[in-house]
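This report describes the fold of one protein chain and then looks at several of its residues in turn. The sequence and the structure come first.

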Amino acid sequence: SLGGWLAAEIGIRNTARLASLTLMAPAGVAPEGEPYGDIFLWTPEEHARNSFYDQRFAEERIRALPNADIDIALQNRAAAARLAWSPRLHNPQLAHWLHRIDVPTLIVWGEEDRICPFACRRTFLANIPGAELMSLPRSGHALHTERSQEVATRLDSFFALPKRHRTTTLAP
C-alpha cells in the first residue's frame with residue numbers, strides 16, 4: 001500500500017531511471033465508493049484479520065504478535081501516520097498525474113482487499129497508459145504472502161519482458 005503509493009509518486013515525477021513499475025495494492029488515490037480500511041483505528045489483531053482473505057494467515061500472524069518488537073511496531077505506525085493520516089491514505093493530486101508514468105506497469109491487487117479497496121484499481125488502470133492488472137480473487141491485501149507463488153510467477157514473467165531502451169543524459 002504505502003510502497004506502491006511511493007512508487008507511483010516517484011513514477012509521476014520522472015521515469016528516466018525506471019525500466020518498469022510494479023504496484024502491489026497501492027494506496028495513493030481516493031477510493032471510489034468504499035473507504036480505505038482504517039489502519040490507524042485497528043488493533044494489531046484487527047489489522048492481521050483485515051490483511052488476509054484466508055484467515056489461516058491472519059491466525060499465524062496473530063500468534064506471532066507476542067514476539068513482535070513493540071518499538072519497531074510503534075515506529076512503523078508513527079511513520080504510516082506521518083505519511084497517510086490526512087488525507088487518509090491518498091494524495092488528492094496523484095490521479096491527475098498518473099498519465100506521466102510511461103514505463104511498463106503491472107498492478108497486482110487482491111479482489112478482497114479490506115485495506116486498499118480493489119475499486120481503486122480503476123483509477124490506476126484508467127490513467128497509466130498500457131498498465132496491466134493481475135487481479136487475484138479470494139485474496140486480501142497481503143497478497144505477496146497469501147498468494148506468494150502466483151505473484152512471484154507473474155512478477156518473473158513481467159520482469160523478463162523486453163523493456164523499452166531508455167537513455168538518460170546527466171548534465172555536468
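## Terms and basis

A polar contact is a pair of N or O atoms within 3.5 Å; within protein, one of the two must be able to donate a hydrogen and the other to accept it, and residues adjacent in sequence count only if both atoms are side-chain atoms. Buried stands for under 20% relative accessible area, exposed for over 50%, and partly exposed for what lies in between, with a 1.4 Å probe and protein chains only.

The model is predicted, so local features need pLDDT of at least 70 and side-chain atom pairs count only at pLDDT 80 or more, while totals for chains, interfaces and linings use all residues. Residues are numbered from 1 along each chain as its sequence is written, and side-chain values use heavy atoms, with hydrogens and water left out.

## Overall fold

The protein contains 8 helices and 3 strands. Helices (H or I, at least four residues) and strands (E, at least two) are DSSP runs, numbered from the N terminus. Their order along the sequence is α-β-α-α-α-α-β-α-β-α-α. Among contacts with a separation of 6 or more, 77% are between residues 24 or more positions apart.

Along the principal axes, the C-alpha atoms fill a box of roughly 50 × 35 × 35 Å.

## Surface and charge

Of the 172 residues, 38% count as buried. The accessible surface comes to about 9900 Å², and 56% of this surface belongs to carbon and sulfur atoms. Accessible areas come from the Shrake-Rupley method with a 1.4 Å probe; for residues, only the protein chains shown count as cover.

The protein has 19 positive and 19 negative charges, and their mean positions are 6 Å apart. Lys and Arg count as positive and Asp and Glu as negative, whereas His and the chain ends are not counted. Each charge is placed at NZ of Lys, CZ of Arg, CG of Asp or CD of Glu.

Gly-4 lies in helix α1 and is buried, with a relative accessible area of 8%. Leaving out residues up to four places away in sequence, Gly-4 touches Leu-23 and Pro-26. Gly-4 and Gly-140 are 136 residues apart along the chain, and their C-alpha atoms are separated by 15 Å.

Glu-9 also belongs to helix α1. Its relative accessible area is 12%, so Glu-9 counts as buried. The side chains of Glu-9 and Arg-13 are joined by a polar contact of 2.7 Å. Apart from neighbours within four places in sequence, Glu-9 is in contact with Asn-91 and Leu-94.

Asn-14 sits in the loop between α1 (2-13) and β1 (21-24). Its side chain reaches the backbone nitrogen of Ala-16 at 2.7 Å. Asn-14 and Glu-112 are 98 residues apart in sequence, with a C-alpha to C-alpha distance of 32 Å.

## Helix α2

In helix α2 (residues 44-51), the buried residues are Ala-48, Asn-50 and Ser-51. Their cover includes α3 (55-64) and α7 (143-146).

Ser-51 has 2% relative accessibility. A polar atom of the Ser-51 side chain lies 2.7 Å from the backbone oxygen of His-47. Not counting residues up to four places away in sequence, Ser-51 touches Arg-61, Ile-115, Gly-140, His-141, Ala-142 and Glu-146.

## Backbone exceptions

Most residues other than glycine have a negative phi, and most peptide bonds are trans. Ala-25, in the loop between β1 and α2, has a positive phi of about 45° although it is not a glycine. Ala-25 counts as buried, at 1% relative accessibility.

The loop between α4 (70-84) and α5 (94-97) contains Pro-87. A cis peptide bond joins Ser-86 and Pro-87, with omega of about -5°. Leu-89 is found in the loop between α4 and α5 and has a positive phi of about 55° although it is not a glycine. Leu-89 is buried, with a relative accessible area of 2%.

How values were computed: Contact means heavy atoms within 4.5 Å.
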